[in-house]
Amino acid sequence: MVSGNGCPEGVNTRPLFLVIYTTVTVGIVFSSLYVFSAVYSSSNSVSDSSSSWFSSPSSELTNSGSTLIKDQEPYVTQPSTATPPDFRRTDVHNKGEKPIWEAPDTKTMPPPETFLLSKELVQQRAKDNIIIVTFGNYAFMDFILSWVKHLTDLNLSNLLVGAMDTKLLEALYWKGIPVFDMGSHMSTVDVGWGSPTFHKMGREKVILINSILPYGFELLMCDTDMVWLKNPLPYLARYPEADVLTSSDQVVPTVVDDSLDIWSQVSGALNIGIFHWRPSQASKKLAKEWKEMLLADDSIWDQNGFNQLVHKRYGPAVDEDSGLVYAYDGYLKLGILPASIFCSGHTYFVQAMFQQFRLEPYAIHTTFQYGGTEGKRHRLREAMVFYDPPEYFDTPGGYLSFKPSIPRNLLLEGEHNVDTHFILINYQMKQIRTALAIASLLNRTLIMPQLWCRLDRLWFGHPGVLPGSVTRQPFICPLDHVFEVNVMLKDLPEEEFGPGINFREYSFLDNPLLPKQVKESWLDVHLCKQDNEDCHASNDTVHPGVLKFPKGSNEDTFKAIFSTFKDVKVIQFSTMQDAFLGFSDKKREEKFRNRVKRYVGIWCCVENTTIGHIYYDMYWDETPDWKPHPPRTPEEDRPHF
């Protein structure tokens, strides 16, 4: 996409051409010198001390007991992944500022007042009077690192991260990330969506907005569970009259280009995970009333409060062309960012709306998902936009992969309904169950296959896909549509559930961050029928990197043959159909079953029923004439374990 004014066709084009030609030529010369200099200097300036992912010198940051926001009255009583990502020195920084990712050249933490939020601190980081901000606690450290890395990859350095606990503050400081102390004294663990602490975080966001706007800077406020794929600042600059530009939960497109969503057609809630504030009187008035509303009533969710205030007055349009609307008090000018390119978890991962409209996405916000924080992380990994440390891509024990087999008729024939959806999912689930067993047996990390769905998953009854959406059927659905990603990652007691089974996202082997030593250490396993003359259990490869292996082999055969290939990084099976007879050890079999039964969740939901969800069953094929249907009574409303 290209934005900006068109160039008028004028006279005197020859002199203009000569000027442009001369300028470009000189620019090329200077650019060449600069690139050569940068390459040479970067190769000699990388500090080994900052190369580790989470390491930081041990230190303590004591609390001074004073308010952590300078220059303002406190609002509450105090205390109230080609190459592995290089998180080291970059040249992305403002003039006079240390580059982001460059570790401090000191071994002790500066005094606490160094990290107080102030106008001067924001001024140091702001560029063109814009500051980009996120905040969180240590549980979201990896999300924050990915958030920062995406921005610096886009040559954006005008950013700040608010730390809600001392552990995060110290960790970010030692990695060279601009950080300030929010004074929240929050726990370092994941608080969980909807919990009281989660709501406290929402209030901290509102207080933070009220703190920064009076400084006079434009504020692009972001949740940590989103990433930037394209520099949003030129887009935001297209709407200089807007007081607030916000994302939304809209799932039905109102536009098919990159203009703002049509405000009168947006039925989804405005989503405060991505929104841009200009320091106007109208926006400051809104922020102040929003803060006062939330501090007065703990039961109000911050996003609901924002929507309630904005819709006090909603309309008319500011003008015929911009897409802005008068809102809140009738003076605030509001714009709704297009959901096709400022993507939610639905418009990106389910509808792929940006692809269908041939647009470039600016952002992904991991909403509309069903696996908690672990589900958010996994979705970003599926999209290959999450920056994991190098060890994530070279796990001890190696990886197990397989080529899923799905008959055409299961995908494309018949109506898209509950029955055909479950037939398709169950067919894939049985193969995944076998792969999980083999991965457990060989102590390898399973690379999950792409998962195909016929029906969408939501929190309420629907006809299969949302009316008006552009969801294609069938579609590659996120893993959390069927599997309980958060449960799969839990440390379940081994004495009851057997050994844990590590897994990776389906796109893992395509990730540019996958190292060469993994890509080049590969064994293809072609399953064959045991009654074929040339099909027998042997560790002799028929071609370099290719092994024939009998279908229906038992546990002992698997162990005997594949122990020879324990140093091979990736073993890929041609299929999982009839690949494994089962565990010889019945106690281990029972523990495995206890574990994987918990790996699957629900589909939701059938319309016009009291209980509309249907439980997936990992061992569906052991129930004669298994059919998908919602629980008929509250007593039946339980998973299959």
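Modeller: Start with contact, which means heavy atoms within 4.5 Å. This is a predicted model: local features need pLDDT of at least 70, side-chain atom pairs count only at pLDDT 80 or more, and totals for chains, interfaces and linings use all residues. Residues are numbered from 1 along each chain as its sequence is written, and side-chain values use heavy atoms, with hydrogens and water left out.

Colleague: Which residues does Tyr599 touch, leaving out those up to four places away in sequence?

Modeller: They are Leu436, Val482, Phe483, Glu484, Val487, Met488, Ile501 and Met618. Take Met488: 111 residues separate it from Tyr599 in sequence, yet the C-alpha atoms are 5.8 Å apart. Tyr599 sits in the loop between α18 (586-597) and β21 (602-603). Helices here are DSSP runs of H or I with at least four residues, strands are runs of E with at least two, and both are numbered from the N terminus.

Colleague: Why is Tyr599 called buried?

Modeller: Buried means under 20% relative accessible area, exposed means over 50%, and partly exposed lies in between (1.4 Å probe, protein chains only). Tyr599 has 1%, so it is buried.

Colleague: What makes the Tyr599 and Arg595 pair a polar contact?

Modeller: The term needs a pair of N or O atoms within 3.5 Å; within protein, one must be able to donate a hydrogen and the other to accept it, and residues adjacent in sequence count only if both atoms are side-chain atoms. The side chains of Tyr599 and Arg595 meet at 3.3 Å, so the pair qualifies.

Colleague: Which side chain makes a polar contact with that of Asp258?

Modeller: That of Arg238, at 2.9 Å. Asp258 lies in the loop between β6 (244-248) and β7 (270-277). Its relative accessibility is 15%, so Asp258 counts as buried.

Colleague: Is Asp128 buried or exposed?

Modeller: Exposed, because its relative accessibility is 66%. Phi of Asp128 is also positive, near 55°. Asp128 is in the loop between α2 (119-125) and β1 (130-136).

Colleague: Which peptide bonds are cis?

Modeller: One joins Gln473 and Pro474, with omega about -5°. Another runs from Cys604 to Cys605, with omega near -5°.

Colleague: What makes a set of residues a nonpolar core?

Modeller: The members are buried Ala, Val, Leu, Ile, Met, Phe, Trp, Tyr and Cys residues joined through side-chain atoms within 4.5 Å. The largest such core has 55 residues; those with the most contacts inside it are Leu436, Ile438, Phe483, Phe562, Ile571, Phe573 and Met618. Helix α13 (residues 418-442) gives the most to this core, with twelve residues. Another core, of 46 residues, lies apart from it and includes Ala171, Trp228, Tyr235 and Ile341.

Colleague: Which residues is Ile438 in contact with, leaving aside neighbours within four places in sequence?

Modeller: Leu400, Phe558, Phe573, Met576, Ala579 and Phe580.
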